Amino acid sequence: MFFERPDSGEIAVLVHIDFNDQKESYGPEEFVELAISAGADPVAVVSGSRQRPDARYFIGTGKLAEIKDIVDREEAQVVLFDHALSPSQERNLESVLQCRVLDRTGLILDIFAQRARTHEGKLQVELAQLQHMSTRLIRGWTHLERQKGGIGMRGPGETQLETDRRLLRERIKAIQKRLAKVGSQRDQNRRSRDRSSVPTVSLVGYTNAGKSTLFNRATGADVYAADQLFATLDPTLRRLDIEQIGSIVLADTVGFIRQLPHRLIKAFQATLKESSEADLLLHVVDAADVSRDENMAHVDSVLEEIGANEVPMLIVFNKIDALPTAEPRIDRDANGNPFRVWLSARDGQGIDLLKQAIAELLAEDVFSETLYLPSKYGRLRAMLFEHGAVRSERFDETGQFVLDVKLPKKDYLQILARAGMSEDQIEIT
C-alpha cells in the first residue's frame, strides 16, 4: 500500500504483520491513523504474514530487504511497526535500515506526549516514557560499549550507562512521588464529592468515539475535540444538572485502544480511578464504526484491568448522524431499565434522552425523602447534616424535625446503622 509523497512532516514507512498464531487479526487502517495523529506522513504500508516473529529482526530477511528498498527510494526518516519490538530488534533493524525505528508503544507514547496539557498528564506521560526508555538505554551509547570482566575491559561506556540508569531511576522515583501526591489530592476531592452526595458519571470508550464532543455538548464545556486518535488526554470534570437528580459530576477521560501499552495504564492509574470509582459509566461507542463490537470488547478488557468492570454502565451509541436509518432512542432491558442510548453528539440529537436515562439509572440509588424525626433522634439528625444530605429543615406542629434529605441510598443505610437504627423506625413521607 503506497501513498502520495508528502510535502512536509516526517516521512514514515509503516509495517503491519499478521501472525498465524494470534487469536485476533486486524488490518493496518487504525495504525495509519495513529501515525498521522503523531504527525507522520506515511508513504507506504508494508504488510505480510508469518508464523511467528523472527528473534533478530522481528520480520524475515526478504521483508526487511523490501522495507530497505522503500526507505532508500522514499528517503524515509522513520519506520513504524504496528507491534511491540524488543530493544535488540529495534537496534538490529536500525542498523540495517539506517533510520529510526519505532514500535507501537513508542508511537503511542509520542502521541501522548504531544497531547498532554495539564501538569498531571505531563507527569504521567513522562513516567511511561522513562520506563520505556530504561529498557532501551544502551542505544545511545553503542560507541562506548565494553564487556564486563577482565583487565582492560572496563571502559567509559559501562560507567556512562550505569550513570544514566541511576539518573533514570531517580527521576522515575521523583515522578512517582509527585503523582502519588496528585493522586492523594484527587482522592480528597473525590471524598468531598462523596460527602456532598454528588454522583459521578464517567465517560469511557474507544479513542475517537466522540467522548469529548459529547462532554462539550452536554455540559457546555470547551474541551478540545477533533476527529483524531487521542485528541484529549487530561481528565476534565464539570457539573451537569439532571432533572429529578440534581447536580452530577461528569468526567471526561482518556480513550482506549487495541494493545494499549500496559505502562500507560499503570501511569494513568490515578486518572482512570475516576472511572473505577464512578457511580455510573457512559460507554461511548462510534455506532458507525464497522469495528464497534471489537472496540467495545477492548474497552471492557481495560475496564476490567483497572477494576471498573463492576460499575453500572450505560452504553451510548454515538454518531448516528452517520447512519442513514438510525434515530435517537433509548433501548431498555426486560425490567424496563435503560441500557443503551442512540444519539449524535455532533448535532445534539438524543442528548435529552441521555439525560433521561442517566436520571432513571441514578434514581435507583438515590434516597430523596422527607423524614420526620422526634427530638430523641438528634444524633441521626446531626449525622445527616454532617454528611451534607439535608436540603432543608423545619418543625411540624408536634415539634418534630422535618428534614428534606437527598443522598445515595447506601450512604443512608450506613448512617442508620451507625446510629443504631433501622428503616422501619423512621417516619417518611
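Before anything else I wrote down the rule for a charge over a ring: NZ of Lys or CZ of Arg has to be within 6 Å of the ring centre and within 35 degrees of the ring normal. I also noted that this is a predicted model.

Entry on charges over rings. With that rule in hand I looked up Arg340, and I found that Arg340 lies over the face of Phe317, at 5.3 Å from the ring centre. I then turned to Arg381, whose charged end sits over the ring of Phe401, 4.7 Å from the centre of that ring.

Entry on Phe317. I stayed with Phe317 and asked how its ring is set against that of Trp342. The two centres are 4.7 Å apart and the planes stand at 85°, so I recorded the pair as edge-to-face. Phe317 belongs to strand 9 and Trp342 to strand 11 (residues 338–342), so this pair ties together parts that are 25 residues apart in sequence.

I counted four aromatic pairs in the structure. Phe19 is in strand 1 (residues 10–19), while Phe58 is in the loop between strand 2 (40–50) and helix 2 (61–74), so the pair ties together parts 39 residues apart in sequence. Both Phe19 and Phe58 are buried, and ring pairs link Phe19, Phe58 and Phe81 into a cluster.

Entry on Gly399. I found Gly399 in the loop between strand 13 (390–395) and strand 14 (401–408), and I noted it as partly exposed, with a relative accessible area of 42%. Its C-alpha atom is separated by 9.8 Å from that of Tyr372, although the two residues are 27 residues apart along the chain.

Entry on confidence. I looked up the pLDDT and found that the protein averages 80, with 78% of the residues scoring at least 70. Confidence is highest in strand 9 (residues 313–318), at a mean of 95, and lowest in helix 8 (residues 262–267), at 64. Over residues 2–8 the pLDDT stays under 50, and the model has 17 contacts beyond four places in sequence for them. The pLDDT is also below 50 over residues 139–155, a stretch with 18 contacts beyond near neighbours in sequence. I reminded myself that where pLDDT is low, the predicted coordinates should not be read in detail.

Notes: Residues numbered from 1 in each chain as written. Predicted model: local features only at pLDDT ≥ 70, side-chain atom pairs only at ≥ 80, totals over all residues. Heavy atoms only, no water. pLDDT = per-residue confidence, 0-100. Helix = DSSP H or I, 4+ residues; strand = E, 2+ residues; numbered from the N terminus. Contact = heavy atoms within 4.5 Å. Phe/Tyr/Trp six-rings, centres within 6.5 Å; stacked < 30°, edge-to-face > 60°. Buried < 20%, exposed > 50% of the residue type's maximum accessible area, 1.4 Å probe, protein only.
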